[in-house]
Amino acid sequence: MLNRIDLLKMKETKEKITMLTAYDYPSAKLAEQAGIDMILVGDSLGMVVLGYNSTIQVTVEDMIHHGKAVQRGASNTFIVVDMPFMSYHISMEESMKNAQRIFQETGAQAIKLEGASKENLDLIKRLSEAGVPVIAHLGLTPQSVNVLGGYKVQGKDADAAAKLLYEAKEVSTHGAIALVLECVPKELAELITEAINIPTIGIGAGAHCDGQVLVYHDIVNYGVDRLPKFVNKYGDFNSHGQQAIETYIRDVKESIFPGDKHSFFIKDKNILPEN
Ligand code: KIV
Ligand code: NA
C-alpha cells in the first residue's frame with residue numbers, strides 16, 4: 001500500500017497518481033483489483049449512491065458506514081474518506097472529534113476536507129500533528145455550492161487565481177499531504193502543481209496535475225444520466241445492466257427461466273407427499 005512518502009516520490013518522478021471514488025464493497029474490490037493507487041470515499045456518495053441532489057445532506061454516520069464497506073473491499077489500498085458538510089465548521093473540538101471518528105472507525109489512510117479558511121488551516125495542522133493525514137480540496141468545493149452559485153469552474157480571473165495559488169501554498173505548509181483541485185483552468189492547475197511540494201490530484205483541472213481523480217459511477221456510466229465535460233466514459237454499466245434486467249424479466253414472463261440447470265431435484269420421487 002502507498003504511503004505519504006510514496007506519493008511525494010511519485011510527484012518528483014512524475015509518475016501519475018490514480019485515484020477513483022468508491023462507496024461500497026463491490027466498487028472498492030473492483031478498484032483494488034484493477035490496481036488503482038488510491039480510493040476516495042467521497043461525499044459525492046450523497047449524489048451518486050444515495051440520490052440526493054447535492055453533498056449537503058451527507059452525514060458523518062453515512063461516511064463511516066460506507067467507509068467501512070470500502071475498507072472491507074480494498075484493505076490493501078490507500079483509502080481517503082471525506083469529512084462531510086459542516087462536520088468541521090462548528091468548533092475545533094467537534095471537528096477533531098469527527099475527524100477522529102471517521103479516521104479511526106473506517107481505518108482509512110487519510111481524510112479529506114474542503115477549503116482553506118483560517119480554521120481549516122488550523123485543523124489541518126492539528127490533525128497532522130495528531131497523526132491524521134489530511135488531503136485538502138480547493139477550486140470547486142461542492143459543499144459550498146450554494147455560496148459559489150453553482151458548479152462552475154473556479155479561479156478564472158486574476159484575483160481568484162491568485163487566491164487559489166495562495167491557498168494551495170497554505171494547505172501545503174500547514175501539513176496537507178496532497179491537494180485535490182476541482183474544476184480549475186489547466187494553466188492555473190499547472191502553475192499550482194509546480195509551486196507546491198505536495199501532489200496535486202485534479203478533477204477537471206487538466207493534464208498537468210500530479211494525479212487524477214474521477215467518480216466511479218461516472219467512468220463506468222452507472223446510474224448517472226449526465227456526465228460532466230471533464231469525465232471520460234470508460235464503460236457502460238447502464239446499458240449492460242438494463243439489458244440484463246430486461247432479459248431476466250422476459251425469460252421469467254416466457255417461462256424460459258429457470259431452466260433445469262438452475263433447479264434442484266430429488267432422487268426418489270416416492271418421497272413426495274400425496275396431494
Ligand atoms: O466527493 C468526491 O467524489 C470528491 C471528488 C470529486 C474529488 O470530492
Ligand atoms: Na467530496
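Reader: Is D43 buried or exposed?
Author: D43 counts as buried, because it has 29 C-beta neighbours inside 10 Å. The cut-offs: buried takes 20 or more other C-beta atoms within 10 Å of the residue's own, exposed takes 12 or fewer, and partly exposed is in between, with C-beta atoms placed from the backbone. Before we go on, this is a predicted model, where local features need pLDDT of at least 70 and side-chain atom pairs count only at pLDDT 80 or more, while totals for chains, interfaces and linings use all residues. Residues are numbered from 1 along each chain as its sequence is written, and chains are lettered from A and ligands numbered from 1 in the order in which they are written.

Reader: Good. Where does D43 lie?
Author: In the loop between β2 (38-41) and α3 (45-48). Helices (H or I, at least four residues) and strands (E, at least two) are DSSP runs, numbered from the N terminus.

Reader: And what is D43 in contact with, leaving aside neighbours within four places in sequence?
Author: T55, V58, M63, D82 and P84. Contact means that the two C-beta atoms, placed from the backbone, lie within 7 Å.

Reader: OK, D82 then. Which strand is it in?
Author: D82 sits in β3, residues 78-82. D82 is buried too, since 30 other C-beta atoms lie within 10 Å. Outside the four places either side in sequence, D82 contacts V41, G42, D43, M63 and K112.

Reader: Which residues does UniProt list for "binding site"?
Author: The unreviewed entry lists D43, D82 and E114. These three span 72 residues in sequence, but no two of their C-alpha atoms are more than 10.9 Å apart, so they gather at one spot. UniProt positions are in the numbering used here, feature names are shortened, and annotations may be inferred rather than shown by experiment.

Reader: What about "active site" in UniProt, which residue is that?
Author: E182, according to the unreviewed entry. E182 is in strand β6 and counts as buried because of its 22 C-beta neighbours inside 10 Å. Beyond four places in sequence, E182 is in contact with H137, G139, L140, I203, G204 and A205.

Reader: Switching to the ligand. What surrounds ligand 1?
Author: The shell is T21, L40, G42, D43, S44, D82, H137, V180, E182, I203, V213 and V215. A residue is near a molecule if its C-beta atom, placed from the backbone, lies within 6 Å of it.

Reader: How does that shell split by class?
Author: Five nonpolar, four polar and three charged residues. Here Ala, Val, Leu, Ile, Met, Phe, Trp, Tyr, Cys and Pro count as nonpolar, Asp, Glu, Lys and Arg as charged, and the others, Gly among them, as polar.

Reader: Which peptide bond is cis?
Author: The one from F257 to P258, with omega near 0 degrees. P258 is in the segment after α11 (237-253).
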